[in-house]
Amino acid sequence: MTREELPSCPVAATVALIGSKWKLLILRNLLLRPWRFNELKRDLEGVSQKVLTDSLRALEADGILTRTLYPEVPPRVEYALTDLGRSLKPILDAMEAWGSSYQKRF
């Protein structure tokens with residue numbers, strides 16, 4: 001997203017960048033280690049190939065993750081967080097803590 005496209009509210013800007021269900025789950029996984037496309041597809045039950053591809057491309061375009069193509073046969077592609085992407089860890093940790101606390105209410 002360009003600066004002009006971002007909402008002026010910081011919370012809305014964060015939601016615009018990472019607010020979709022699949023982007024958050026991709027980030028959760030990538031905080032652990034780099035992942036290959038098919039690993040993510042298998043782990044994220046219910047995500048379509050198109051939505052996963054679009055989400056990964058958007059996160060890459062926004063500087064949150066990198067896509068590394070290894071010149072092997074067959075080609076291998078890995079996705080990993082950038083420093084900017086890793087800076088989202090406290091946000092996801094807070095979401096996990098809140099979600100865990102909420103689940104314990106029931």
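**Labels and their cut-offs**

Tutor: We start with K23. Leaving out neighbours within four places in sequence, K23 is in contact with A16, L17, I18, S55, A58 and L59. Contact means heavy atoms within 4.5 Å. The model is predicted: local features need pLDDT of at least 70, side-chain atom pairs count only at pLDDT 80 or more, and totals for chains, interfaces and linings use all residues. Residues are numbered from 1 along each chain as its sequence is written, and side-chain values use heavy atoms, with hydrogens and water left out.

Student: What makes α2 largely enclosed?

Tutor: Of its 10 residues, 7 are buried, so the rest of the structure largely encloses α2. The buried ones are W22, K23, L24, I26, L27, N29 and L30. In the protein as a whole, 29% of the 106 residues count as buried.

Student: How are the helices and strands defined, and how many are there?

Tutor: They are DSSP runs, numbered from the N terminus: helices are H or I with at least four residues, strands are E with at least two. The protein has 6 helices and 3 strands. Their order from the N terminus is α-α-β-α-α-β-β-α-α.

Student: Which residues touch the most other members of the largest nonpolar core?

Tutor: L52 and L56, in a core of 21 residues. Two or more residues each come from α2 (21-30), α3 (37-43), α4 (49-61) and β3 (76-81). The largest share is that of α2, with 5 residues. A nonpolar core is a set of buried Ala, Val, Leu, Ile, Met, Phe, Trp, Tyr and Cys residues joined through side-chain atoms within 4.5 Å. Beyond four places in sequence, L52 is in contact with I26, F37, L40, K41, L44 and V47.

Student: Why is L40 called buried?

Tutor: L40 has 0% relative accessibility, so it falls under the limit and counts as buried. L40 lies in helix α3. Residues up to four places away aside, L40 touches N29, W35, L52 and L56.

Student: How do you know that D83 and R86 meet in a salt bridge?

Tutor: Their side chains come to 2.3 Å, N to O. That is within 4 Å, so the pair qualifies. Both lie in helix α5 (residues 83-86), 3 residues apart, about one turn of the helix.

Student: Exposed or partly exposed: what is D83, and what is R86?

Tutor: D83 has 60% relative accessibility and is therefore exposed. R86 has a relative accessible area of 43%, so it is partly exposed.

Student: What makes K89 and D93 a salt bridge?

Tutor: The N to O distance is 2.9 Å. That is within the limit, so it counts. The two residues share helix α6 (residues 89-103), 4 residues apart, about one turn of the helix. An α-helix has 3.6 residues a turn, so residues three or four places apart point the same way. K89 is at 40% and therefore partly exposed. D93, at 34%, is partly exposed too.

Student: Which residues do salt bridges with shared partners join into one network?

Tutor: E72, R76 and E78. In one of these bridges, E72 and R76 meet at 3.0 Å, N to O. E72 has 37% relative accessibility and therefore counts as partly exposed. By the salt-bridge rule the count comes to 7.

Student: How do you know that the peptide bond from V73 to P74 is cis?

Tutor: Its omega is near -5°. Most peptide bonds are trans. P74 sits in the loop between β2 (65-70) and β3.

Technical notes:
Buried < 20%, exposed > 50% of the residue type's maximum accessible area, 1.4 Å probe, protein only.
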